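Hello,

Here is the structure I promised to hand over. Please have a look, and then read my notes below.

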Amino acid sequence: MSANKRLTEKECYEMFRAYNTPDHVIAHCRAVSDTAVAIGRQLNDHGFDLDLDLIKMAGLIHDVARTNEHHEIIAADMLEKAGFTEEAAIVRVHMRYDFNSLDKINETDIMCLGDRVVKEDRYVGIDERVDYLIHKKGENPQRTESLLTKKQETKAFISHIEERIGMSIDSIFAPSLDQLLKQVEKPGRYIGNEINISVKETEKFDVRFAFAFPDLYEIGMSYVGLQILYNIVNKKENLYCERVFAPAADMEALMRDYSYPLFTLETKTPVKNMDVLGFTLQYEMSFTNILNMLELAGIPLLSKDRDDSWPLIIAGGPCAFNPEPLADFIDIFIVGDGEQALPELLETVADAKKSGKSKTELFKIISDRDGIYIPSFYDVYYNEDGTIQQYKKNWDGAPDRIRKSIIEDIEYAEFPMSTIVPLIDTVHDRAVVETFRGCTRGCRFCQAGMIYRPVRERKSDSILKIAEEQLKNSGHDELSILSLSTSDYSDFEDLTLKLTKFCKDKDVSLSLPSLRLDSFSFKVLEEIQKYKKSGLTFAPEAGTQRLRDIINKGITDKDIYDAVEQAIELGWRHVKLYFMIGLPGETYEDLDGIAEIARNIIGLHKKSGKGGRFNVTISISNFVPKAHTPFQWEPQDSTEEFRKKHEYLTERLKIKNVTYNYHDDEVSTCEAVIARGDRRCSDMLIKAHEAGCKFDGWSEYFNREAWKNVLEEGNGVFYSQRKRSYDEVLPWDIIDSGVTKSFLKSENDKAGLGDVTADCRQGCVGCGINSRVRCAQGGSDV
Amino acid sequence: MYKYIIVFSKNGYVKYISHLDMQRLFSRAFRRCGLELQYSQGFNPHPKMSFAQPLSLGYSAKGEYIEFETKTAYSNDVLIGNLQETMPTGIQLIRCGIIPDEGKSLAASVEYADYTVDIPVAFYEKDYQKVIDDYLSQKQILTEKRQKKTKKMVETDIRPKIRAITAEQGRDDKLTLRMTLDCGSRSNVSPELVITSFMKFASFNCSRYEIEVSRDKLGLPVDYDIKWM
């Protein structure tokens, strides 16, 4: 018998058969063997010279006789007899073993360590393993005590090893992303790896930034703002922008189960290792997803619970114009255009990091910049009736109000020539060029129309150039243009003719959203939608001229019917109309007006004698008053009132060939609370999050019961259904959108009288933005 | 008109994108490098391009085929070089060739496929070759499959479509199966059906998601005419 005879895997399994070792014990042996070898390999990489093969075989065979009393002795005797002396020696001691010090570490130490961190057939770490043993056979105080002593010894041993290998034992056994991806429905959401993503070497940048979109990949990747900021930040050599999205329910469950932290798509780095994590705030109902993502990342939710070792949590986007419901969670808000403000902030973070400045020092440096709001510099005091008494600065250097950041000339706001092209299907998967920012129409319910002022156009040459480059670099076969109102571009006809020709030559389909339906538009639509006529869409928003005047929606009945007549004449068979209910000043006659329009359109089709199928879809949304609009003081209808109106409309719209759909009432109520909420709403968000609320904007995931309780407890009606007086301090008064409060008041007063305000392209209406920046619409009386 | 075939592999994260995603990916890649494909006629023209056989989500592959028609002739440098540059990491173009413009499509020509299936059970745990032989010597191997049109579950016998299975000692002494199965529009069996029925037969103590599958080869008839470039 040779002393150095080594057991082979084949012999091992023969022994398992001979000893009738049960399958679950074999699985355990394999796991111990794999675990011990992995630890041994790490040690060997750090200067040790352990016999990994011995560790492997000793681990594999150690419980071969497990079904017997004193199994380790039986197994060891048997192994010795068969000539496997080294294996036998390890197996003999594995039930009671005291670890050597690190410098005398041997194969027995490693195999025994493996045995102590594996539960059944899976690595779990020492804590979970000991817990499991304590409860396994009925608790016995003496046994428990000895197990706890063993646990402490093992922990000390582990920490010595971890110090040497420079990583935690846990991290060696972290589940692979592959394991998770194989179990989810749409793994393509989490793989990154798309065309045109930015890949950078880790040594070369100072600040790692994760751009977080608090919804699914398919939604987030359709958002142009992500592409713009991703491109701008990654152009800077010292900054690295990666992306992260909210995982879907199946992925989230696995991430929690395996303790797999939220990661970036580009490098699969845990989000908590970023320097800065930035959320885009597109929609109030995504706020619970923000909290959920922070939790999945292992980052404390509240700013006050995060010391300087945590990433900076920032946020921007339209909802940052009322940042208060998120003020307790976010360190820094960027309000307004992000193209300059974001990279500037990240550069300052890079400097602060280099010079070892604290978070608070950084806040002080940036706090007076346009668009930077640091909520922790302000304390809010409330009146007895619950309204806000005042905002008090706790640092004198902080500005009284935060002026939104404005890019004066969007020609200088770099637009991506090369965009990330998703590998999986997304909502909008196409080339996109922004033609202009802002809107001149002044609809009184519209937040975008107020906060994106002034109108700033991109030159048509630039638009064409960007379109060409983007199509070349992406391979897309669809181009869309982006703005709040396509037809309002100054040189719209010329631009459209050029784009149409360009797209035709390139075999690219062109999509022109929210067109004003005049004869020119029809000509263009005829040209670009030759075969597939998608439905014609129209947004009158209100059912009568009276109400349309109140909301300042400059569309007349004649506009609607003329457009529909033309559409029918040209062979369109589907018309879709958008309306809002619950608008200030609305009566049931206005709802009748909606039905009237639907009926008249059906009538127009009959009169045309065209025959064939023709249908009208009426899509109803619920009015949600938003901050920084003329209707910011107005109450919202209650959920019950909305329901009543929907029922009323359901009756009125029982018209042949008319389909009717409407938006979820409870979601709209919730949205209204958060949209005009103050800092006390953060409690509601936390409670909703704790009740498991997420993806609240998706009707099928919206947790009615939980939100109902949260709103009841948090006095939701105070925020949604209360009419504010003009002299009340509003939570978003701290943000200066550039449009003056006196303009908003006068617009609201005019609404009450049913007076309209003209489009400001026809003359300055005095919104106040021109006192901040040059406005192409005039207003020379600065 | 010119008709080409490209052989490519699919590895790493990109294996998590579907067959439809692959079609979109290639058609965009062609556009990005300015390769002009021939379009079909009719109301809804689409580029003439198709894969020999769809690959399931999560499978890696060593030699997949795509065929396409172009308006003009292209060199190897363009078809492999330029096109490769516009591919995501994980898709490697291996070689290209010219195929006759007349005749059957690739999908109709493919006859069989070879798969490697890595299973996280110990190779020596059992005599797996014997288990396989027992599995294959069954008169019938009935599996349930949902019918596409009627959505009903129907039982089919997959045994005649299994050409061969062998057991091998794989990485880390784990079990590796090599399978050759019917593949193509004439006779086809999804490897998933074979894997799940074999897992059941061999009573493996592991989950489907722990198993790795790679398609190593798509088998074309020996006389299939490709002029490799």
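Chain A has 29 helices and 21 strands, where helices (H or I, at least four residues) and strands (E, at least two) are DSSP runs numbered from the N terminus. This is a predicted model, in which local features need pLDDT of at least 70, side-chain atom pairs count only at pLDDT 80 or more, and totals for chains, interfaces and linings use all residues. Residues are numbered from 1 along each chain as its sequence is written, while chains are lettered from A and ligands numbered from 1 in the order in which they are written.

Along the principal axes, the C-alpha atoms of chain A fill a box of roughly 105 × 65 × 50 Å. Of the 782 residues in chain A, 46% are buried (20 or more other C-beta atoms within 10 Å of the residue's own, with C-beta atoms placed from the backbone).

Now to a sheet in chain A. Six strands form an open sheet with mixed pairing, in the order β4-β3-β5-β6-β7-β8; strands pair if DSSP finds at least two bridges between them. β4 (239-245) and β8 (372-373) of chain A are at the edges with a single partner strand each, so one side of each has no neighbour in the sheet. β3 (residues 207-213) and β5 (residues 276-280) of chain A run parallel, joined by four bridges, and A:A210 stands opposite A:L277 in β5(A).

Finally, the contact with chain B takes 25 residues from chain A and 22 residues from chain B, contact meaning C-beta atoms, placed from the backbone, within 7 Å. α1 (9-18), α2 (23-45), α10 (177-181) and α18 (460-474) of chain A each give two or more residues to the side that touches chain B.

Best wishes

How values were computed:
Two residues are in contact if their C-beta atoms, placed from the backbone, lie within 7 Å. A residue is buried if 20 or more other C-beta atoms lie within 10 Å of its own, exposed if 12 or fewer, and partly exposed in between; C-beta atoms are placed from the backbone.
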